[in-house]
Amino acid sequence: MYKIWKMASRVLIKDGFLVKKGHVRTNWRTRWFELYDDVLFYYRKKGDKVAAGFIPLKGSSVLSPCPKYQKKKSVFQVSSRRDHQLLIQAHNDAERDEWASALGEAIKACDRLREGTTSHSGVNLTELITALQDPAAGIKLRELTLKHTLYTNCFTGSDLVDWLIEWSFAENTEEAVTIGTNLIEEAHMQPLAKDKSLEKQAKLFFDDRKALYKFSAYNLGDVKRAFDSSSDSDRASSDEGNEKDEKKPGIPKQGSLEKMGKIVKQGFLIKRGHMRHTWKARLFVLRDEPPLLQYYKGSKVSGEKPLGEIPIRWCNVNIVEQTPDAEVTVKNKSRINLFSVVTQKGKMYVLQASTPEEQESWMRAIMSPSDVEQS
């Protein structure tokens, strides 16, 4: 655990549940993430005072989607200046893109050396970055070794100069070097490493094959195109949950998702356990025809067996009040946005939403899945 306390001067940009790949056991665990203007924290549980880990944003980069994990959907990668990497999975591509965009803007704000978006040569840097990252015509990212260290998703200074001249963004090498320097000043890209022969020079950008660079934020665009030439080295971890599915008549067998109803709503809720009453974040998926509420350990729905299923036909959904005479008792009185789902046979599930709006949205959806508007 990292005893890094949130400073009052920090600005919270985004927070929410995501699934992170571990460094030691390499299994995937749901964590609560908080993105501030200078650091990304993650916690074992929402509300923890001490972070389980963090990445300072200055000098970091974000890669979305991550081509290394082709078989896992909605994965992106955050790498620190010291090459500490986090592999993170969102519960869908839209959420992944939101996080990657927010991280990219925060990283660039941390590293930006001056204001403005136009280089000395008159090139619009925002338009240039879009062209550089075009999947078909953009600069090619490579795996390169320097000082016995392997760097991935990078390019050399000479690669950039050649590309700028080839695509007429620069007329000559001098203009291309100026643009490269501007891109670093504006934190659109960052130096990864350079050969010892270049270390004594104070330049930001080198037209040299021994100077390596990376984008601060790189969106690969079309996932299928980006993954065509990628190989997956990840092995999905086995489900460690010991929760048993609630078997009910008329519910399709696990693994027969094609026979289940369409998904009308999904997202993270915190669920109270039945035995120990511990609280854990789970991905909940609400289906219609037949009405069914499933919950998963992580964010992968396709092909993954749910930890449990809640038949919601004829169920009762109620707000859980933290009062002395309440029917449902919760030890931690600070928990808010609670609601319960009681099945037709009387089994109760106690859930916690992140906001009052989410609480109301989920309660309405569970009571009438067929009325949920599809976005």
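The legends below describe close-up views of a predicted model. Local features require pLDDT of at least 70 and side-chain atom pairs count only at pLDDT 80 or more, whereas totals for chains, interfaces and linings use all residues. Residues are numbered from 1 along each chain as its sequence is written, and side-chain values use heavy atoms, with hydrogens and water left out.

**View A. Packing of helix α2 against helix α3.** Helices (H or I, at least four residues) and strands (E, at least two) are DSSP runs, numbered from the N terminus. Helix α2 (residues 125–132) packs on helix α3 (residues 157–166) at an angle of about 105°, and their axes are 12 Å apart. That angle makes α2 roughly perpendicular to α3; angles of 65 to 115 degrees count as roughly perpendicular, under 35 as roughly parallel, over 145 as roughly antiparallel and the rest as oblique. Axes are lines fitted to C-alpha atoms, for helices over the stretch in contact, and angles run from 0 to 180 degrees between N-to-C directions. Leu128, Ala131 and Leu132 in α2 meet Leu160, Trp163 and Leu164 in α3, where contact means heavy atoms within 4.5 Å. The residues of this contact comprise six nonpolar, no polar and no charged. In that division, Ala, Val, Leu, Ile, Met, Phe, Trp, Tyr, Cys and Pro count as nonpolar, Asp, Glu, Lys and Arg as charged, and the others, Gly among them, as polar.

**View B. Packing of helix α2 against helix α4.** The axes of α2 and α4 come within 11 Å and cross at roughly 100°. That makes α2 roughly perpendicular to α4. On the α2 side the contact involves Leu125, Leu128, Ile129 and Leu132, and on the α4 side Ile179, Asn182 and Leu183. These residues divide into six nonpolar, one polar and no charged. Thr181 is also placed in helix α4 (residues 173–185). Thr181 is buried, with a relative accessible area of 19%; buried means under 20% relative accessible area, exposed over 50% and partly exposed in between (1.4 Å probe, protein chains only). Not counting residues up to four places away in sequence, Thr181 touches Leu204 and Phe205.

**View C. Burial along helix α3.** Helix α3 is mostly covered, with seven of its 10 residues buried. The buried residues include Gly157, Asp159 and Trp163. Ser168, which follows α3, has a positive phi near 65°.

**View D. Helix α1 and its start.** Helix α1 (residues 93–111) has 19 residues and reaches 27 Å from its first C-alpha to its last, close to the 27 Å expected at 1.5 Å a residue. The expected span is 1.5 Å times one less than the number of residues. At the start of α1, a side-chain oxygen of Asn92 comes within 3.3 Å of the backbone nitrogen of Ala94. Among the buried residues of α1 are Glu95, Arg96, Lys108 and Asp111.

**View E. Surroundings of Gln352.** Gln352 is found in strand β19 (residues 348–352) and is buried, with a relative accessible area of 11%. The side chains of Gln352 and Arg335 are joined by a polar contact of 2.5 Å. A polar contact is a pair of N or O atoms within 3.5 Å; within protein, one must be able to donate a hydrogen and the other to accept it, and residues adjacent in sequence count only if both atoms are side-chain atoms. The Gln352 side chain also reaches the backbone oxygen of Ile336 at 3.1 Å.
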